[in-house]
Amino acid sequence: MKITFMLLDAFDVDGTVRTTFTLAGELARRHDVEVVSVLRNADRPVLPLSDRVRLRSLVDLRPDAKVPWPNTARAERLMAEPTRMVHPEERCYNKFSAWTDVRITRFMKRLRTNVLVTTRAGLNLAAARYAPGRVVVIGQEHLQLGIHQPGILAEIKEWYPRLDALTCLTVADREDYEATLPNGSCPVYTIGNGLPDQVYPRSRQENKVVVAAGRMVWIKGYDLLIGAFAKVVEKHPEWRLRIYGQGVRREELLRKATRLGLYNNVLLMEPTDDMEGELAKASILAMSSRAEPFGMTIIEAFACGLPVVGFDCPRGPREIINDGHDGFLVPPADVDAFAETLIRLIDDEDLRHRMARNALASAERFDVAAIAGLWEKMLTELRTEPRRRTGR
Amino acid sequence: MDAVANHCRVGVDDRLLIRWPAPLPDGRRIVLRHRASGGTVEEPVGGDRTSAALAVGELDPGKWHVRLMADRTDVPLLTDDPCFSFDEMRAYAGLPRDRAVRVVRSSEGYVSLRVRRVSPHAEVEAVYPGEGEIRVEGRLAYAGPRPGEGARLTAVARETRRTVTRDARLDGTEFRVCLPVDAFAAEEPALWDLWLDAGDVHARLATRLDDAPGKRGKVSFPRQLVPAGERQMSVRPYYTGKDELSIASHLVPEETG
């Protein structure tokens with residue numbers, strides 16, 4: 001079957017791009033798979049994409065790119081005008097333009113594929129409106145329902161029933177979307193993100209290091225983590241915390257670590273292109289997020305043999321971490337409990353080794369081969385005649 | 001050829017030890033290939049077919065690719081070993097050496113060796129600025145233990161070359177020193193570079209064995225204020241661009257308005 005994935009910007013470094021590339025590469029072992037990027041601003045994507053997958057784009061933003069005659073002047077004019085198709089509350093509204101409207105609708109109406117997978121609200125809504133009925137259209141939501149503003153939510157309620165199906169990352173998200181969409185109008189599937197098929201380095205549990213990774217922003221809760229680690233250091237001064245990432249809170253976090261006297265224990269590391277390698281050098285992953293739509297880092301840490309201590313925040317962590325088995329869930333924002341849980345794992349080496357083994361087994365659930373299998377099962381169900389009438 | 005090694009480490013004896021969880025087919029060899037010169041070192045996989053050991057202490061500096069050879073073709077050696085241990089790194093640096101060999105795992109899981117010329121430095125493991133002092137603890141790296149030798153810390157002001165000297169405690173390779181901040185406030189505003197001297201060893205204070213190069217921006221130490229005449233001086237340890245530990249002292253700007 002021919003499967004087309006549509007991304008807003010496949011040349012960006014972002015979780016949606018990464019997981020789409022991983023899934024596309026795996027499905028391309030058995031299917032004809034292409035990725036269509038609305039925008040293009042580089043010759044090649046930054047993130048690795050399998051040779052088996054074709055990549056093309058609709059709007060070329062590279063400096064010397066030219067739209068061919070007779071559309072040259074029109075493209076230039078429309079690129080400067082705001083989109084009319086995409087709701088202003090779409091979180092990437094500013095990346096769309098009147099020209100992307102033209103290109104997206106034209107692409108959708110002339111689709112030659114069996115399955116179209118769109119990867120964010122703005123594209124899901126466009127596909128629900130314009131993709132022909134013969135194409136099976138899957139909308140993906142990588143974010144929780146609650147993040148959408150009322151205006152775009154009204155569009156979601158109106159148009160998503162015209163999708164063949166919606167996928168989201170967690171059971172909690174599925175329940176929310178099912179409750180929002182008119183009864184039985186659009187099937188909602190939970191399919192998590194897949195781990196790329198590769199040799200993962202495995203922690204030997206030999207270094208006294210707790211690791212954390214992600215953007216240095218409020219939602220990631222690194223301020224809470226550093227606070228908790230100050231308590232860990234009181235009991236275990238030889239343990240270290242390394243936080244990998246970049247972001248607006250970096251300076252503030254550095255000041256907090258200094259103020260708490262943690263300059264011998266906490267390092268704010270630069271982002272790295274080998275996060276798995278750094279995870280495997282550590283012994284515990286700390287997931288201090290205030291909210292986490294899925295928690296890809298947890299799964300990567302599992303694959304590297306790290307138990308995870310995480311806040312029981314909405315929503316991903318509680319569906320990924322099996323509390324007491326491959327990690328621990330701590331009441332949200334409870335810094336003392338987070339510190340005590342880290343200390344418990346640090347104190348009990350046997351427990352750490354046991355949970356590390358369990359973590360490796362837990363990672364298998366998210367192997368991209370298993371995830372691709374779930375996609376194929378869903379697509380078979382949806383393509384089986386008679387198909388549900390979507391109104392497209 | 002897809003065998004994944006589960007152990008790739010260089011021991012204190014400068015031997016590279018590679019192990020596999022299951023026996024390899026007969027006739028496999030390990031090849032080290034020097035990136036700069038193309039020169040190679042070869043060693044057959046041991047009789048048990050699950051391990052190989054190579055002497056690497058005399059390898060030329062630079063990067064050496066580690067490859068697994070069958071017949072006439074060789075492929076990069078894959079491992080799931082993170083190839084890093086703080087304790088092993090510390091033990092390795094505990095002996096006198098003029099070159100250091102380290103196993104490096106690439107993001108794809110391929111193994112290489114990095115051979116560097118080294119000279120002794122004083123590896124800083126902890127800095128405690130506070131209560132009018134800056135205490136520093138660490139270990140001499142690549143110099144070996146210096147029993148019975150007195151040790152001194154010398155701070156050299158980068159521009160004026162003035163020095164401040166304090167006795168340091170040296171126990172085997174472990175050192176400990178306590179610097180009063182007044183000593184730095186009494187001089188002109190300056191950047192002070194720190195050295196540990198023990199016998200013929202003149203070792204720069206630096207943190208290089210913690211696998212986190214580029215410490216500027218990753219860590220910062222608090223400043224301490226010291227009266228200097230009518231004004232105040234701020235004295236603060238910091239890492240240079242080469243991860244060396246120095247001390248910055250400067251006059252605190254007078255508050256305006």
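Guide: Two strands pair if DSSP finds at least two bridges between them. The model is predicted.

Strand E8 (residues 209-213) and strand E11 (residues 284-287) of chain A run parallel, and two bridges join them. Find Val210(A) and look across to E11(A): Ile284(A) stands opposite.

Step back to the whole chain. Chain A is divided into domain 1 (2-195 + 368-383) and domain 2 (209-365). Between the centres of the two domains, taken over C-alpha atoms, the separation is 32 Å. In the contact between them, domain 1 of chain A supplies 13 residues and domain 2 of chain A supplies eleven. Helix H6 (residues 171-180) of chain A gives the most to the domain 1 side, with three residues. That side of domain 1 divides into six nonpolar, six polar and one charged residue.

Next, take helix H5 (residues 150-159) of chain A. Its buried residues are Ile152(A), Glu155(A) and Ile156(A). They sit on the same side of H5(A) because they cover an arc of only 105° around the axis. An α-helix has 3.6 residues a turn, so residues three or four places apart point the same way. The face of H5(A) turned away from the buried side carries the exposed residues Pro150(A) and Gly151(A).

What do the buried residues of H5(A) pack against? They pack against helix H4 (121-130) of chain A. Arg129(A) is found in H4. Arg129(A) is partly exposed because 16 other C-beta atoms lie within 10 Å; a buried residue would need 20 or more, and an exposed one 12 or fewer. Arg129(A) and Met108(A) are 21 residues apart in sequence. In space, C-alpha to C-alpha, they are 9.0 Å apart.

Strand E14 (residues 151-157) of chain B pairs with strand E15 (residues 163-171) of chain B in the antiparallel sense, over six bridges. In E15(B), Ala168(B) is the bridge partner of Ala151(B). The hairpin of E14(B) and E15(B) has five residues between the strands. There, Arg161(B) takes a positive phi near 65°. E14(B) also pairs with strand E17 (residues 190-198) of chain B, again in the antiparallel sense, over seven bridges. Leu196(B) in E17(B) stands opposite Leu153(B).

Last, the two chains together. The contact takes 20 residues from chain B and 20 residues from chain A. On the side of chain B that touches chain A, eleven residues are nonpolar, four are polar and five are charged.

Note on methods
Residues are numbered from 1 along each chain as its sequence is written. Chains are lettered from A and ligands numbered from 1 in the order in which they are written. This is a predicted model: local features need pLDDT of at least 70, side-chain atom pairs count only at pLDDT 80 or more; totals for chains, interfaces and linings use all residues. Two residues are in contact if their C-beta atoms, placed from the backbone, lie within 7 Å. Ala, Val, Leu, Ile, Met, Phe, Trp, Tyr, Cys and Pro count as nonpolar, Asp, Glu, Lys and Arg as charged, and the others, Gly among them, as polar. Helices (H or I, at least four residues) and strands (E, at least two) are DSSP runs, numbered from the N terminus. The arc is that of the directions from the helix axis to the C-beta atoms. Domain bounds come from an automatic or database domain assignment.
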